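Biologist: I would like to learn how to read a model of this kind. Please take me through the features one by one.

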Amino acid sequence: MRHYVIVGILVIVAAVGTYTGLHAVGLMPVEASVQAAPIDWLWNLEVITISFLFALIIVPMVYSLVVFRRKKGDNTDAEHIEGNTTLEIAWTIIPLIVVVIFAYLGAYSLGETRRVDPNAMIVKVTGFQWGWQFEYPAYGGFKSDKLYLPADKQVLLQLQALDVIHSFWVPEFRVKQDLVPGRITEYRITPSLIGDYKVRCAEICGTSHAYMEAPVVVVDQAAFDTWAKDQQVAAAQAEANATPEQKGEKLYQTYCKACHSINGTAGNGPTWLGLFGHEVELADGTTVTADEAYLTQSIKEPQSQVVQGYSPMAFNPAAVGIGDTEIGYLVAYIKTLK
Amino acid sequence: MTNIKPVWRGLFLLVVGALIGYGVGLGLDFAVQKTVSYQAPVAGLFSLLFGAIFFFFGLIGYHGVTKGLVFQVLGTLAGALFVTGIRAAMGLGLWGPFLFTEPAWVLGGLVGALSFLAGVGAVTDWWKWALGEPTSDHHHDEPGWEKYFGVSLDHKVIGIQYTVVALLLISVGGLFALIFRTELAASGLQFLTREFKLFDQNGLQMYNSLMSLHGMIMIVSILLGIAGIMNYVVPLLLGAQDMAFPRMNAFSFWIAVPAAVLLLSSIFLGGFDTGWTGYPPLSVRAPVGMQMFFLGVFVAGWSSILGGLNIIATTLRMRAKGMTAFRMPILVWASVATSLISLTATQLIGLAFQLVMFQRLLGMGFFDPDKGGNPVLFQHLFWFYSHPAVYVFVLPGLGVISELLPVFVRKPLFGYKWVAMSSLGIALVGFLVWAHHMFTSGMNEYLRVPFMYSTLLVAVPTGVKFFSWVATLWKGKIRTPVPMLFVLGGIVVFLMGGLSGPPNATVSTDLHLHDTYFIVGHFHDTIFGGFVFPFFAAIYYWFPKASGRRMNEFWGKVHFWLMTPSFFVLTLGMMRIGLLGMRRRIADYDPALGFDLTHLVLTIAGFLIALSVLIFIINFFHSMKNGEKAEGNVWESRSPEWQVPSPMPMHNYEHEFEVVGEPYDYGLAGSRYVKFANEK
Amino acid sequence: MTHTQDKSTAMRQGVLIFVYLGILTVLEYFIAVAFDAVPLLVVVALVKAGLVMYYYMHIYRLSEDDGSDEHSYAYKTGTNRLGLWLFLLSDAFVFGGLMVARINLLGMTRPHLNQLLGLGVTAVLLISSFFMNRAETAIAHGDRKTFMTGTFITMILGLLFVIGVVGLEWQLAKIEEVIANRDVVGAVFYMMTGMHAFHVLTGVILLFTVWNKGRKGLYTAEKHWGVEAAAVYWHFVDVVWIFFYPALYLIGKVL
């Protein structure tokens with residue numbers, strides 16, 4: 001009996017000590033979003049449970065090692081204790097109850113992080129090898145390489161990946177979401193603490209994965225509005241001053257880059273490097289010169305004049321708003337690629 | 001030359017072979033690229049292969065593994081040239097940046113692996129069977145060490161072959177870890193810089209290749225390690241003469257050797273940068289090394305599948321008289337549970353990798369969203385194996401802990417049936433939890449909650465194990481020789497791994513923890529606690545059985561007391577910075593995060609662990625010849641294999657035994673577990 | 001090898017099961033044409049697979065008592081049988097994985113394929129299973145001649161199946177725009193049929209070695225594990241097709 005009392009006391013002391021120690025060290029970074037609160041709350045409960053379970057196993061183990069060590073010269077075996085069904089049932093049922101409780105708490109905490117504000121501001125986030133781009137449709141759709149966010153307002157980030165899987169993670173916000181090519185994933189966050197943070201790609205995405213970071217700036221609503229307005233105006237000016245070639249390049253970056261290279265390598269489609277003015281062999285064996293008429297026609301109806309060695313792609317330019325004007329920009333851009 | 005020791009002859013020839021291989025590689029590279037490049041990938045590859053072949057030639061001459069490797073090289077070349085010939089006929093490009101084109105390397109790699117098996121002689125008997133020619137059912141190995149370098153059908157030889165190759169691969173994987181751990185010691189790029197160039201990879205790419213390969217090499221070494229323990233011990237525990245299928249047993253081991261060669265060759269063929277998970281679309285864009293990695297895993301998978309099959313069949317069919325299910329040693333239960341997983345689930349990682357290979361080779365769009373494919377499907381197929389796989393890694397280790405504890409505590413295993421059932425419980429629940437690796441992946445939202453529930457459920461059978469272990473220790477008469485130290489270390493480390501698990505299971509906290517160093521710390525704890533510590537315990541424990549000698553006790557203790565604290569520092573440090581924002585799989589980190597000092601400490605800890613393992617390896621080989629003689633029941637165990645003198649004779653027990661009692665009835669006067677046929 | 005039935009009963013049973021399977025296959029086809037009822041198709045496929053596994057693959061033999069002499073042929077055969085079934089269980093996970101991929105990627109759609117040819121190759125495989133069973137039953141009763149003919153016909157039908165799928169169906173599918181590297185439909189179709197055809201081909205090779213060893217007179221009524229193994233493997237490949245056929249030809253809307 002004496003053994004059980006001592007161990008019982010030591011377990012409690014060790015559990016409290018472990019938890020206090022972990023708490024004093026401080027395990028999580030600053031909490032900078034509303035969604036972080038239910039996560040940190042659950043985490044704290046888990047740390048308490050972990051501290052207790054750690055003590056519950058380690059204390060009797062160490063105690064046994066010290067107290068029940070075989071004495072020198074004692075060659076007898078220990079007491080023959082085969083087991084105890086009541087105990088076994090107890091330490092099956094009690095953990096099961098704890099598991100059920102944590103299952104409930106986990107679901108509750110997840111639900112809290114996913115509360116939807118229908119008025120959330122939408123920001124489109126694009127991840128690519130190796131960088132981030134942020135687009136603000138509510139402010140005329142200007143693009144930025146910094147993520148500015150107003151404090152205390154929910155934002156819905158619509159995430160898309162251009163090439164491979166990436167993952168959007170700001171440690172201070174806690175939540176993490178992968179960007180998957182071919183689909184749009186969602187990330188809801190309500191920043192709660194003004195400050196400078198960084199979004200870091202958390203899913204390995206190739207050579208420079210380590211450097212796929214971008215600044216995240218949380219400011220108050222007024223400062224955000226000023227910044228957004230400035231950006232909007234600057235973007236409009238840039239748009240107005242842009243040459244057709246620059247506009248074409250912008251279109252290329254958005255819609256064409258996935259299949260057509262501008263450095264001579266073959267993709268799903270032929271490269272654009274040195275394309276203009278050169279002879280092109282078509283799939284039907286004929287040869288044409290890549291002049292303005294050919295390029296216009298090929299962009300408008302990609303299936304009409306397929307280049308030898310490539311399969312016709314199901315790309316519909318009209319569906320993404322590429323009309324005659326835009327095609328003109330693209331052709332102008334292709335002309336510059338020599 | 002003849003009176004030089006074979007090892008020195010081998011090492012001398014290794015240098016010669018490596019130089020010749022380097023020259024051949026340089027020449028071939030020059031023939032294709034028309035420029036001389038001293039860091040040419042194929043030069044590295046040929047250097048490695050020729051070095052290995054020459055080394056084994058010096059050691060044992062031209063048979064066994066030497067012949068296998070020669071066949072593998074020739075087979076690879078034949079396969080690759082065949083594809084190159086077809087490409088010539090079709091008017092396609094003949095050569096690639098790594099000598100051959102990607103399809104040529106893939107077919108070459110496959111043919112090479114199969115050729116290895118033909119060369120080493122692992123399929124000879126089957127070939128004879130197919131032709132209807134007679135084979136001998138009773139084989140005899142020549143005494144001496146040379147039998148370990150060729151095909152043997154003796155499960156004990158195969159067990160040792162597995163174990164030694166596992167140790168070799170652990171050393172290679174560990175070496176890779178040391179390299180990139182050194183790079184991480186400070187922020188910024190120190191030597192794996194963008195200007196660094198080796199095998200056509202810059203520093204960042206090399207970092208990714210080493211990091212990715214570290215993962216898979218270690219996984220394969222674990223699979224071989226557990227296969228080594230199970231192969232050596234399970235038939236002895238069951239009282240069987242051998243495994244149910246001795247030829248398939250040899251095949252399972254030997255197929256792992258070309259698999260390891262394929263895996264290692266990936267670093268020479270451009271490497272790959274996906275981590276061991278190989279998620280598309282990144283793995284579709286990676287260099288040719290990716291394909292060698294896929295192929296290596298695919299081939300190693302067959303080793304695991306057939307090995308598992310053999311363990312199950314052996315257990316079901318070859319038990320000694322009187323050994324009912326609940327009188328089997330607990331390690332056998334654990335081995336069966338593990339084998340059920342590796343038998344079935346392994347196919348899914350093979351399939352997942354196969355689909356990516358075909359997507360790369362033929363443009364089939366399984367995981368390509370532009371063609372209607374689904375990248376997340378890959379993750380489901382992949383994790384359907386790769387999660388249960390961690391139970392494959394740890395269940396035998398936990399079995400070793402349960403098996404050894406009663407011996408050193410001199411008390412029955414507390415709640416034997418519950419411990420046995422908990423292994424099966426973990427294995428079965430393990431099949432239903434895979435998507436907890438995908439909480440942030442963008443899979444269907446509604447899947448996250450049920451997978452959280454099933455994952456948390458794993459805690460229950462795992463808890464049963466811990467409580468039973470503690471209850472076994474309670475009021476025992478505990479001795480702590482080296483194997484017991486590792487058993488206790490295993491329990492504590494696995495406890496840390498287990499306790500850091502639930503935060504990854506609850507979805508909301510996992511949203512923060514996923515893909516961070518917290519995960520890295522967590523799984524290193526589970527794998528060290530569930531595999532590495534018990535593996536060392538098992539080696540220290542059964543070493544006298546295999547060799548008739550003991551490993552040096554003092555250096556064993558140095559090994560333990562050096563490794564354990566360093567390991568705590570390593571994983572706790574990893575978890576700490578992971579929580580604060582350190583991502584997985586990065587070559588460099590933001591100095592503003594303030595992790596420099598921690599990383600430096602982690603690197604030192606890593607080197608100390610490596611030093612301790614080096615001490616172990618020296619002790620291992622030194623004790624084989626010079627260890628203290630130990631031919632009796634050194635640990636005073638009740639288990640049948642210790643009732644006969646060591647080392648174990650070739651066909652195991654001279655007299656069959658019958659099970660007449662419970663396996664762990666220590667302290668029950670007059671009881672015994674087995675009775676041999678020649679006893680009264 | 002012990003057998004409880006006399007030869008003519010066993011042969012008759014083989015015929016009967018074949019007739020059931022044939023009727024069920026036709027039924028399956030018409031269910032698909034008339035009702036598009038997927039659960040019904042799943043039930044029919046399960047019944048077919050059950051029949052094959054019980055009457056052709058003799059799964060119940062796994063629980064037979066092989067005596068206690070571990071060195072007897074019967075006991076070793078029992079161990080081999082267990083090993084083979086474990087292997088098939090493992091292999092089934094490959095096909096299961098392919099099925100999961102098909103359901104995930106194609107859902108309730110299917111490629112545009114030649115229905116007549118599909119039914120044709122299915123029939124060929126079914127008939128081959130019948131002859132395989134006949135061959136195995138024959139050798140178990142010491143009838144070497146029927147065994148040799150049965151094995152030979154099975155082998156030929158197996159080759160016909162491969163030719164039908166790879167030689168004809170793949171070419172016809174290409175014309176119907178089911179192309180491997182164009183979209184996921186083609187990818188799934190070629191991978192599923194390709195992996196299955198690969199297994200059929202290995203089965204043919206196994207049958208050839210069995211036939212060759214049979215020619216040398218190496219099998220007897222008592223000792224013919226090789227024949228049983230090849231037969232069980234062959235029927236397994238048939239069971240896979242019992243599920244793949246509706247998955248590729250019958251379920252869902254044509255693309």
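Biologist: Which residues does Leu263(B) touch, not counting residues up to four places away in sequence?

Modeller: Two residues are in contact if their C-beta atoms, placed from the backbone, lie within 7 Å. By that rule Leu263(B) touches Leu213(B), Met216(B), Ile217(B), Val220(B), Phe293(B) and Gly296(B). Before going on, note that this is a predicted model, in which local features need pLDDT of at least 70 and side-chain atom pairs count only at pLDDT 80 or more, while totals for chains, interfaces and linings use all residues. Residues are numbered from 1 along each chain as its sequence is written, and chains are lettered from A and ligands numbered from 1 in the order in which they are written.

Biologist: Which residues touch the most other members of the largest nonpolar core?

Modeller: In soluble globular proteins, nonpolar side chains tend to be buried together. A nonpolar core is a set of buried Ala, Val, Leu, Ile, Met, Phe, Trp, Tyr and Cys residues joined through C-beta atoms within 7 Å. A residue is buried if 20 or more other C-beta atoms lie within 10 Å of its own, exposed if 12 or fewer, and partly exposed in between, with C-beta atoms placed from the backbone. The largest core here has 385 residues, and those touching the most other members are Val220(B), Trp254(B), Ala259(B), Leu263(B), Ala352(B), Leu404(B) and Ala537(B). Helix α7 (residues 203-238) of chain B supplies the largest share, 24 residues. Helices (H or I, at least four residues) and strands (E, at least two) are DSSP runs, numbered from the N terminus. Chain A takes part too: domain 1 (2-66 + 85-113) and domain 2 (121-241) each give at least three residues to this core. Another core, of 15 residues, lies apart from it and includes Phe276(A), Ala290(A), Ile322(A) and Leu337(A).

Biologist: How is chain A divided into domains?

Modeller: Domain bounds come from an automatic or database domain assignment. For chain A it lists domain 1 (2-66 + 85-113), domain 2 (121-241) and domain 3 (244-336). Taken over C-alpha atoms, the centres of domain 2 and domain 3 of chain A are 30 Å apart.

Biologist: How many residues of chain B are in contact with chain A?

Modeller: The size of an interface is often given as the accessible area lost when the parts come together. Counted by contacts instead, 69 residues of chain B meet 67 residues of chain A. On the chain B side, helix α16 (residues 459-473) gives the most, with 9 residues. That side has 40 nonpolar, 17 polar and 12 charged residues. Here Ala, Val, Leu, Ile, Met, Phe, Trp, Tyr, Cys and Pro count as nonpolar, Asp, Glu, Lys and Arg as charged, and the others, Gly among them, as polar.

Biologist: How many residues of chain B are in contact with chain C?

Modeller: Between these two chains, 28 residues of chain B are in contact with 24 of chain C. Two or more residues come from each of α10 (289-317), α11 (330-344), α12 (346-362) and α13 (375-409) of chain B. By class, this side of chain B has 18 nonpolar, 8 polar and 2 charged residues.

Biologist: At what angle do the axes of α11(B) and α13(B) cross?

Modeller: Axes are lines fitted to C-alpha atoms, for helices over the stretch in contact, and angles run from 0 to 180 degrees between N-to-C directions. The axes of α11(B) and α13(B) cross at roughly 175° and come within 8 Å. The two helices are therefore roughly antiparallel; angles under 35 degrees count as roughly parallel, over 145 as roughly antiparallel, 65 to 115 as roughly perpendicular and the rest as oblique. Their contact has 13 nonpolar, 5 polar and 1 charged residues.

Biologist: Is Lys34(B) buried or exposed?

Modeller: Lys34(B) is exposed, because it has 7 C-beta neighbours inside 10 Å. Its place is the loop between α1 (6-33) and α2 (41-60) of chain B. Most residues other than glycine have a negative phi, and most peptide bonds are trans. Lys34(B), not a glycine, has a positive phi of about 65°. Leu99(B), in strand β2 (residues 99-100) of chain B, has a positive phi near 75°. Leu99(B) is buried, with 23 other C-beta atoms within 10 Å.

Biologist: Which peptide bonds are cis?

Modeller: Among them are the bond from Gln129(A) to Trp130(A), with omega near 0°, and the bond from Pro280(B) to Pro281(B), also with omega near 0°. Trp130(A) is in the loop between β1 (121-128) and β2 (131-136) of chain A.
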